[in-house]
Structure formats: structure tokens, C-alpha cells
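Thanks for coming. Please look at the structure on the screen while I talk.

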Amino acid sequence: MDDHEITRFTSLWTQAQTSVYAFISGSISSFSDADDLLQKVAGVAVTKFSDFKDENDAAAFARWCMKISRFEILRFMRDQATDRHQFVTETVEAVTEAFEELSPEFDDRRHALAKCLEGLQGRSREVLEKRYGDGLKTGAIAELMGPKGGNVSMILNRSYKQLRACIETRIAEGTA
Amino acid sequence: MRQDIHDLIIAHLNGETTNEQAAELSEWIRADKTNAKAYAEAALMHGHLRSMIVGQKSVRESGEVPVEIAKVCRQQKPVTSERRPRKLALVGAGILVAVMLIAAAAVHFSRPDDESNIANNQRSQEQFATIEQLSNVEWPQDSAREEGDRLGSEGLRILGGVLRVRFNSGVEVTLQGPAQYHLESIAQTRLESGLLSAVVPDGAEGFVVETPDLKVVDLGTAFGIQLDDDGDSVVSVFDGKVEVHHADESKQLLTEGQAVRLSRRRRGLARAEYDTAPFEKVWPVSSGIEKSTGAFEFLPPWPQRSRAIRSDTNIYVATQSRTFTLPESLAVNISVPGRYARPDDLTPSQIPAGTAFHVFSLHYQPERAEGPGRYRASGSITFNRPVLGVITQHDELAAGMLQLDGRVAGPALEHRQLELASRNDMVILSEDRKTLTITLDTPARFTDLVKVVVSAPSLSSKP
């Protein structure tokens with residue numbers, strides 16, 4: 001890769017990686033497995049970058065990376081067939097297609113979420129930090145926070161609903 | 001979106017659904033494109049949350065740009081001001097720079113799922129095996145493990161049932177309870193009590209199982225150890241060769257079909273009768289078979305049989321211990337889930353070259369070699385891993401025989417294929433690709449043969 005290509009790749013990857021990660025973690029429930037797959041996809045994307053022709057189209061690059069991710073997810077699922085929480089192949093295909101259709105909205109949704117997250121405080125924010133920042137499951141979070149934590153699953157579900165509603169509103173209003 | 005579906009999606013993204021719930025969600029997603037879109041939106045938010053919160057945490061804790069990126073920048077050659085990019089100095093080093101930056105970005109996401117980051121990073125580095133399959137395992141209280149659990153240097157104790165462990169090296173050990181087995185490292189283990197079989201692939205030779213009195217070093221490929229209640233140890237070699245070391249420093253080299261016994265009463269190693277019967281319960285699990293119903297009976301992987309067993313009522317299942325990875329594709333007749341009762345139902349396809357798989361032969365041959373009448377047997381068999389394809393017809397059976405066994409098919413093979421045209425035979429491959437339900441119907445003088453190709457982990461894949 002020459003300097004221009006490195007810059008182009010890094011810029012595209014920086015914009016796409018969170019959405020690519022979202023695609024991977026939508027099919028692979030373990031954060032650590034999803035992390036490993038993301039690194040693998042990144043490596044493949046670097047090696048095959050000369051095949052990607054759409055100059056600086058970030059959405060097209062994200063879709064291209066998701067095609068690579070789909071292959072790696074299916075291979076991972078095949079190798080990890082003992083994990084019964086994974087989806088069957090046809091479901092991964094359906095989710096892939098849905099992600100491809102959603103790709104024009106990736107940036108808007110990410111920006112909207114960043115704004116909406118600022119509005120989440122207190123216990124809701126603390127539970128999200130422990131779940132996503134520390135990678136703890138709801139049981140472990142409940143144990144850590146004790147009685148003052150309340151019902152962690154309920155707090156998480158409520159937070160998701162709030163964030164989802166906030167994102168949809170911002171996108172509808174064009175304020176993402 | 002229905003509340004219950006929303007809750008199910010969230011539970012699944014957080015890895016907290018049961019098998020049934022995951023299957024229900026899977027079916028819901030596939031039912032309609034709007035459902036798939038709803039799931040994708042939730043998954044997108046889930047993934048974005050992870051990257052945002054971890055990224056914010058990283059910046060909070062370090063107070064600056066992640067170290068790896070800064071290091072990469074310092075390593076770059078100076079550039080002219082006209083060429084310097086605005087965000088990062090990305091000159092020099094080529095692909096290595098891009099990969100390091102990606103690794104630096106990916107470090108945002110490198111967070112384990114368990115309680116303590118440091119403890120779990122250490123644990124994940126020390127983990128070198130996975131519990132691949134459990135069959136009716138009884139655990140001591142509060143020590144139950146699950147399929148998929150990763151193992152490091154630790155002990156396993158089971159009160160009953162059969163358990164299979166796969167090491168990162170590709171070695172597979174199957175334990176029959178009651179048993180106590182200690183994993184010390186990827187190549188060093190100890191059997192305190194019970195019975196085990198071990199299959200050691202090429203490249204993993206040197207795998208060791210110690211017992212209180214012996215050390216067994218595998219030189220490739222498969223062996224079994226049985227410790228009985230009297231304290232006697234029996235080592236049997238199913239395939240390849242092993243070295244058996246005794247505490248008194250004597251050692252013996254054993255090859256396929258040989259066995260030795262160390263008796264507590266009589267000191268020293270003595271040749272023993274080679275007997276695979278004690279390992280009967282282990283074979284299905286060590287082969288990757290979860291369960292079976294109906295007419296299925298399992299043949300031990302060793303010794304490899306050249307002539308088939310006859311039975312009016314049983315379909316025999318035979319497998320080789322080796323993992324195949326062919327340089328060319330393998331043709332199959334059934335490649336998708338469904339019911340196959342007519343020739344038109346077949347879904348021929350090719351398993352791509354380089355795919356790792358195991359092969360199971362299902363064989364039905366009535367005892368009577370001649371006479372009128374037909375014989376029928378049926379049952380279902382569930383594998384631990386997905387079925388990639390099923391070979392039922394002559395041309396593909398012959399091609400497979402050549403590719404897999406290096407043998408040319410004789411004229412008798414034509415009569416061994418499934419008779420779908422006359423609707424006597426039937427195969428059903430389940431939606432999850434793991435269960436095969438078969439009915440085989442054959443006249444006295446003929447045999448039915450079906451080859452099942454099941455996915456196998458490749459040695460290069462990280463468990």
C-alpha cells in the first residue's frame with residue numbers, strides 16, 4: 001500500500017468499524033469473540049483493499065467489510081457449533097441483507113446515539129457502563145451494585161427503549 | 001414491535017437467551033424483512049454502544065489518544081507539510097502501519113466478558129481447551145460445566161456420563177465417568193481415575209497422559225487408558241503408536257492393536273488382551289455423535305473393518321478418526337435441510353476444497369444373503385456439529401470412495417445406493433443440519449450405504 005492508500009483505508013475503516021462491529025456482534029453474542037472477529041476482518045480488509053474500488057464511499061466500504069464479516073461469521077459459527085446461542089446460516093443471511101439496506105443510515109444513527117447517550121444519567125448510565133464498558137453480564141452487575149442497583153435487566157431494557165425512541169426521533173427530525 | 005420480541009432481541013444480543021428462545025428469534029427474523037430490519041437496528045445500536053462506551057472509558061482512563069496509535073505516529077518518518085494528513089502522520093511502513101493502526105483501534109474493543117479484566121486476560125491466555133460435548137454427564141454439586149466452556153490448567157471430575165474435550169492443538173480426549181482428569185498444559189494431562197480415549201492429530205504428537213503409575217506419550221494417533229477400581233491400569237493403542245513409561249523407568253512401545261496392563265498386585269508392565277469393549281460408551285461421543293434413536297448401532301473406530309456387519313434390524317454407523325481436508329471439492333447428493341424421498345428431491349452440491357470434515361458411513365445389510373422379501377430399518381442420529389452434505393447415489397459414492405479411501409468402487413456399489421425412485425428409502429435432514437432421520441429398505445441380497453459428511457474444526461481455527 002502506498003501512503004495515499006493507507007490514508008484512504010484508515011479513514012474508511014475508522015468510519016466503518018463501529019458499524020462492522022455492530023454487524024458482527026449482532027450474530028456473535030460474546031464480546032471477546034466479536035472483538036477477535038473484528039480484528040480478523042480488519043486484517044482481511046487490509047489485504048484485499050485493492051479490490052475495493054469505490055474511492056471514498058464510507059457506506060460502500062462498510063458494506064464491503066460486512067461481506068467479509070459475513071464469511072468470517074459463518075466460518076466461526078461452523079467452527080463453534082457447540083455454542084447453541086448462535087444463529088443458523090439463513091438468519092445470518094437475512095441479517096446481512098438488512099444491514100446492507102440500513103448502511104446509508106449508519107452515520108446518522110451513530111451520531112444520534114452519541115447525543116441520546118448524553119441524556120442518560122444515574123443508574124441507567126451506570127448499568128450501561130458496566131455492561132458495555134466492563135463487559136459484565138446482568139447477573140454480575142446486579143451483584144456488584146447490590147440492592148441499590150434495582151432490577152438490572154429492567155433498567156437495561158428501559159434504557160434501550162429510551163435510546164431507541166430518542167434515535168428514531170432525531171432521525172425523523174433530521175437532528176441526528 | 002411487540003414487547004416480548006423486543007425483550008428477546010435484547011436478551012439475545014446480551015447472550016442471555018436459551019436455545020429455544022434463540023431458535024424462536026431466528027425464525028422470527030427470517031419470517032419477514034421488516035423483522036430482520038428491526039433486529040439489525042437493535043444490533044446496530046448494541047454495537048455502537050459497545051464502541052462508544054469502551055472508547056470513552058479508554059480516553060478517560062488514559063487521558064490521551066491510545067498508546068498504540070501514538071507509538072505508531074512517533075515511528076513515522078518526517079514528511080513535508082504539503083503531504084502531512086490533518087489527523088495522523090501516516091507515512092512510511094506500508095501495510096504494517098495500517099495493521100498497527102487497526103490493532104490500536106481494535107484494542108478499544110478488546111474487553112473480556114467476565115468479572116475482572118486483568119484476571120480474565122490472564123485466564124484467556126492460559127486457556128487451551130474447550131468442552132466440546134457432554135452426554136448425560138453427572139457433575140459433583142456446584143461444579144457443573146457447559147458445552148463451549150474454555151478450560152485451562154484445572155481438574156475435571158464427573159460422576160457419570162461421557163464428556164469430550166478438544167485442546168487447541170486438535171487433540172480430543174473423551175472421558176467416561178466416574179472419572180477425574182487434570183489438564184496441566186496443552187500437552188500434559190493426568191488421569192487420576194476412570195477411563196479415557198485420546199485422538200491425537202498430526203502435529204500434536206507428544207501429548208502425554210500420566211496416571212498414578214504410568215506415563216503414556218502419544219506418538220500418533222489414538223489410544224485409550226482405563227484405571228479400574230483395583231488400581232490396575234490398562235493402556236490400549238487403537239491406531240498409531242504410544243510409549244508407555246513406568247515408574248521403575250521401564251518403557252514399552254505399543255502399536256495398533258496392542259495393550260499393556262500394570263497391575264498393583266504384580267509389579268511391572270505385562271502385555272494384556274486388546275479389548276475395545278470397555279470403550280463402547282465413549283465411541284459415539286468421541287466421534288461427535290450426540291444421540292441416536294431407532295435402529296442405529298455404533299462400530300468402534302478401531303479396528304477399521306473391511307467387511308460389513310449384517311443385521312436385519314440395525315443400521316451400523318462407522319467413522320474414521322481422522323479429519324479430512326481435501327485439495328479438491330467433494331460431491332454430495334443432499335446439501336440442504338429437507339425431506340428426500342424421490343430423485344427429484346435431491347440437492348446435489350460440492351463441498352469446497354479445503355473444508356475440514358469427518359465422514360460417517362451408515363450401513364444396512366440384512367443377515368440373509370438371498371431369498372424373497374425386503375428388510376427395513378429406520379432411526380435418527382444427531383451429530384454434535386452440522387452436516388455439510390449426505391452422499392446417497394452411486395456416482396458420488398464412487399467418487400467419494402476414491403477421494404477419501406483411495407479405493408476404486410466395484411460393481412456391487414451400484415446396488416448400495418438409495419432407491420429413491422421406488423420410494424423405499426427416505427432421508428430427512430433437520431433444519432439445524434444436525435439430525436438425520438433415515439429409513440432404509442433393501443432386498444435380502446443387497447446393502448444400503450449412506451455417507452454423511454459432518455463439519456470438523458480445522459486445526460488452524462482457534463476454539
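Predicted model: local features only at pLDDT ≥ 70, side-chain atom pairs only at ≥ 80, totals over all residues.

Let me begin with the disulfide. A disulfide is a covalent bond between the sulfur atoms of two cysteines. How many are there over all chains? The count comes to one. The partners are A:Cys116 and A:Cys166, with their sulfur atoms 2.1 Å apart. The angle about the S-S bond is -85°, and the link is left-handed. A:Cys116 sits in helix 5 of chain A, residues 106–118, and A:Cys166 sits in helix 8 of chain A, so the bond ties together parts that are 50 residues apart in sequence.

Are these two cysteines buried or exposed? The cut-off for buried is under 20% relative accessible area. A:Cys116 has 6% relative accessibility, so it counts as buried. A:Cys166 has 26%, so it counts as partly exposed. Another cysteine, A:Cys65, has 0% and counts as buried.

Now the cores. In soluble globular proteins, nonpolar side chains tend to be buried together. Here the largest nonpolar core has 76 residues. Among the residues with the most contacts inside this core are A:Phe61, A:Leu128, A:Leu163 and B:Leu49. Which helix gives the most to this core? That is helix 3 of chain A, residues 58–79, with 12 residues. There is also a second, separate core of 37 residues, including B:Val137 and B:Ile158.

Take A:Leu163 as an example from the largest core.

Next is helix 7 of chain A, residues 138–145. Its buried residues are A:Thr138, A:Ala140, A:Ile141 and A:Met145. What do they pack against? The answer is helix 6, residues 122–133, and helix 8, residues 152–173, both of chain A. Just after helix 7 of chain A comes A:Gly146, with a positive phi of about 70°.

Last, chain B. B:Thr319 is in strand 15 of that chain, residues 315–319. At 10% relative accessibility, B:Thr319 counts as buried. Its side chain reaches the backbone oxygen of B:Val359 at 3.2 Å.

That is the end of my part.

Note on methods: Residues numbered from 1 in each chain as written. Chains lettered and ligands numbered in written order. Heavy atoms only, no water. Buried < 20%, exposed > 50% of the residue type's maximum accessible area, 1.4 Å probe, protein only. Helix = DSSP H or I, 4+ residues; strand = E, 2+ residues; numbered from the N terminus. Contact = heavy atoms within 4.5 Å. Core = buried A, V, L, I, M, F, W, Y, C linked by side-chain atoms within 4.5 Å. Polar contact = N/O pair within 3.5 Å; in protein donor to acceptor, adjacent residues only side chain to side chain. Disulfide = S-S within 2.5 Å.
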